[in-house]
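Hi everyone, thanks for making time this morning. Let me put the structure up, and then we can walk through a few of its features together.

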Amino acid sequence: MDQLLAMRAFARVVESGGFTRAADSLDVPLATVSKLVRELEAHLGVRLLQRTTRRVTVTPEGQDYYAKSTRILRDLEDIDASFNLARGKPRGHLRIDVGGSTARDVLIPLLPDFVARYPDIRIDLGVSDRAVDLIGDNVDCVIRGGPLESSSLVARRLGEASLITCATPSYLKQYGTPAYPDELKNGHRLVSYVLSHSGRAVPFRFERDGEKTEIKVEHRIGVNESNAHLAACLAGLGIVQTFAYAAASSLRDGSLVEILKPWRPAPYPFHVVYPQTRHATQRLRLFIDWLLEGFPARVSEGKPSTTTEPSNSRQRRRQAPRAS
């Protein structure tokens, strides 16, 4: 028995919740993983996993062995990494997951610099707006926008993006340009962003002078991927609320027009996260440090300036009539 390989196979079964996903993440046949775990159990003389046709559960002995063996695996990886770093060549495999528009407009344009610095780190980039299971899907880290929902994740803040409301000039010529958020309820066509895990449409959010409002109307089109969501707007299907960095080039060339600018909602935070149970490898630490150098400025493209308007202008806006 290759004990080190067996320990790694067992750890992946525990982390992924099954033999099939463990085999996929290790890129070995399912039969190999099953054989390694059986040999490890025979070597130790204890049952590490309880197997049924539907699920795999970890025994108390398996939990104890996992906690102790993963410390050894982390130490071995750190030892290898220290020698690679001493030679100036950090190496290994890094699996990253990121949303569609963030990949296209923020991360991928920055990546050539990371690749030039660390040519021996291999990157697998998963691009999707769906929520991934970092442990089960064997992902090292994810880059996501929005509030953090899980306390089991370690997070580093990467900056914040502006959300803007926009449409094509042809749409605005046909349906008119709304002056107030409530006007979206009166005959306008909205293209909603739909959460892939729940099918729920994200409401249009607005904020002015500390006053927040949400517009929830039945949408004509719902899209669950950020690049396609913006493409629907560019096709003239309706009004969208999207990230300023994603729409920046279209705003510059005039194919999109920002509307309701005084009611931009609060900035949207971005984080890079990884599980508390997953050891932060040297290559992951290098990647996160590199992200912190260039990501914040790129994701904040299109944020409004901090110039202060005259108080009499603010007063006139507060007195402006609101559409019913």
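Predicted model: local features only at pLDDT ≥ 70, side-chain atom pairs only at ≥ 80, totals over all residues.

Residues are numbered from 1 along each chain as its sequence is written, and side-chain values use heavy atoms, with hydrogens and water left out.

Back to the cysteines. A disulfide here is a pair of cysteine sulfur atoms within 2.5 Å, and searching the whole structure turns up 0 of them. Are Cys166 and Cys233 buried or exposed? Cys166 is buried, at 0% relative accessibility, and Cys233 is buried with a relative accessible area of 0%. Buried means under 20% relative accessible area, exposed over 50%, and partly exposed in between, with a 1.4 Å probe and protein chains only.

Now the sheet. Helices (H or I, at least four residues) and strands (E, at least two) are DSSP runs numbered from the N terminus, and two strands pair if DSSP finds at least two bridges between them. Our open sheet has 3 strands in the order β12-β7-β13, with antiparallel pairing. β12 (240–243) and β13 (257–259) stand at the edges with a single partner strand each, so one side of each has no neighbour in the sheet. Strand β7 (residues 163–167) pairs with β12 over 4 bridges in the antiparallel sense, and Ile164 has Thr242 in β12 as its bridge partner.

On to helix α9, residues 282–299. It has 18 residues and spans 25 Å from first C-alpha to last, close to the 26 Å expected at 1.5 Å a residue; that expectation is 1.5 Å times one less than the number of residues. Where is the kink in α9? A kink of about 40° lies at Leu292, shortly before the proline Pro296. The bend at a residue is the angle between axes fitted to the seven residues ending there and the seven starting there. Buried residues in α9 include Leu284, Phe287, Trp290 and Phe295.

Finally, the whole chain: the protein chain has 10 helices and 14 strands, and buried residues make up 42% of its 324 residues. Thanks, and I'm happy to take questions!
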